[in-house]
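Look at the structure below and consider how its parts meet. The text starts with the contact between two chains and then turns to the inside of one of them.

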Protein chains: 2
Amino acid sequence: MLYLIGLGLSYKSDITVRGLEAVRNCQRVYLEHYTSILMAASLEELEEYYGKPIILADRELVETGSDDILRDAKKEDVAFLVVGDPFGATTHTDLVLRAKKSGIPVEVVHNASVMNAVGSCGLQLYTFGQTISMVFFTENWRPDSWYDKIMENRKIGLHTLVLLDIKVKEQSIENMARGRLIYEPPRYMSISQCCEQLLEIEETRGTKAYTPATPAVAISRLGSAAQSFKAGTIEELSQYDSGEPLHSLVILGRQCHDLEVEYLLEFADNKEKFRQDVIADQEFFKPAPWTPPVETDD
Amino acid sequence: MLYLIGLGLSYKSDITVRGLEAVRNCQRVYLEHYTSILMAASLEELEEYYGKPIILADRELVETGSDDILRDAKKEDVAFLVVGDPFGATTHTDLVLRAKKSGIPVEVVHNASVMNAVGSCGLQLYTFGQTISMVFFTENWRPDSWYDKIMENRKIGLHTLVLLDIKVKEQSIENMARGRLIYEPPRYMSISQCCEQLLEIEETRGTKAYTPATPAVAISRLGSAAQSFKAGTIEELSQYDSGEPLHSLVILGRQCHDLEVEYLLEFADNKEKFRQDVIADQEFFKPAPWTPPVETDD
């Protein structure tokens, strides 16, 4: 059996009881280790908690070495652990397909992921549109296809969840060229960097998918004891010190009810200003008001 | 302390280890009991598992009786349990706001909800648009504002998650009029009824937000041992016997990659037909192809 088990967001005890029982019965335990990290538990703590050694699975192992992971999984139990949910931001459908093709039964143990826990900022999950990823810009690579997606979401009034880049096993170009397996320290995008990149692309494109005054919510360390939210405009948040990772951002859409705004005010430095910013931004992409049909004498 | 604790989707052991520890330490335990049900555990099993009596919280208690729930929560620990995640389909922001205003600290223990576990059908959560709710039509009440939302999602190629109505504490009009607290047996919408309502409104509106041939995925008993998926057109699924509750439906959008389609084929009765249905449906709302600018002799 192949178990795909979500670990949730932060603590080692965020695993479900059913998930923990499964891990403890598995012969081999892999931890997917390139799209997210568990914030409040080290690898050693997890190994002690499970009573098992853990094999770290980088992108290469998952994408090209899945035979290793699936080895003997017809007769043994293998756990593949994923921070968040196994079908959250990064789906592991490929691994499941390969298992099924080899006749290996698969069981999924779901858990919270940023894709649903983001609801704790107070915005209804119902009114979120497509999710975008913001990658670190480099001198020569400043991808901005996400801009059109924000535009599409905002045109119909929906919020946009922005997932911020993390680099956990990155080689410098020099080390890569020389084939040296030396990795850079991990990097996690901050809220301010994300907002700066948003502002830069809006300035280049200039079609007002959003403006510097568009309200947003910074979500830091979601699900951990140090969790925090900050509500402000994109421009204000480009100056915000968001502290330790991980971070995500929600860009508001027009569909925002009073109760949601009231909840967000708790996270604003200047409540009255934030309320006014939300009201002003709701004018963007507003449908034309309904007008009664003109009466005629027919 | 007020704990809002997600129970996940199905088993009593779908609670997280951290959530279970919190429940066992609480003086009072409420279970929200009007928006969803835990499929594989009865109330008695949960009480035995937690070692605590459980107070069922219907809509009335949560919406108007929150003082009861929050009573003494400054000095005692109170658990409010929610199937799925506390900020999933139904958000409990109102209860959190009232707690905060009374100076009661709040801790949230997240869990999987249909809003993220739906990813296990193989469609990427990234490309879902706004979520809609399908209520039971009655003779005089056939609300269809969700139709415009499907249209908006599909215009930009996004999938639509449809949450199906459940009625767990419903009075007949006669019993309500006579003030008799007698409740009807619980009702859960089936996939076929949902698809019939979709077809009826499309026939009335006629603006092709979707057609009878639009592909969809029926998701039944998500997260339980009896979980099942069925891929087919809306018309095919209107004839589908989906079995025991709970059910949800995903109406596909145009943004569907080969790997996602391949995964869905596992759930189709006629794989080749389903693949062709997906290809045909992707023509709806397709952006015009890019054409090179015309060369001029300027």
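In this predicted model, chain A and chain B have 20 residue pairs in polar contact between them, both residues being at pLDDT 80 or more. The side of chain A that touches chain B draws at least two residues from each of helix 1 (17–24), helix 5 (93–101), helix 6 (114–117), helix 7 (146–155) and helix 11 (258–265) of chain A. Helix 5 of chain A gives the largest share, 6 residues. Sorted by class, this side of chain A holds 22 nonpolar, 20 polar and 10 charged residues.

Charged side chains also pair across the two chains: the count is 4 salt bridges. One of them joins B:R18 to A:D14, with 2.8 Å from N to O.

The size of an interface is often given as the accessible area lost when the parts come together. For chain A and chain B this area is about 4,400 Å², with 58% of it on carbon and sulfur atoms. In terms of contacts, 52 residues of chain A meet 52 residues of chain B.

On the domain 1 side, A:L9, A:I37 and A:M39 supply 41% of the buried area, more than any other three residues. Between the domains of chain A there are 0 salt bridges and 1 residue pair in polar contact.

How values were computed
Residues numbered from 1 in each chain as written. Chains lettered and ligands numbered in written order. Predicted model: local features only at pLDDT ≥ 70, side-chain atom pairs only at ≥ 80, totals over all residues. Heavy atoms only, no water. Buried area = accessible area lost by both parts, 1.4 Å probe. Polar contact = N/O pair within 3.5 Å; in protein donor to acceptor, adjacent residues only side chain to side chain. Contact = heavy atoms within 4.5 Å. Helix = DSSP H or I, 4+ residues; strand = E, 2+ residues; numbered from the N terminus. Nonpolar A, V, L, I, M, F, W, Y, C, P; charged D, E, K, R; others polar.
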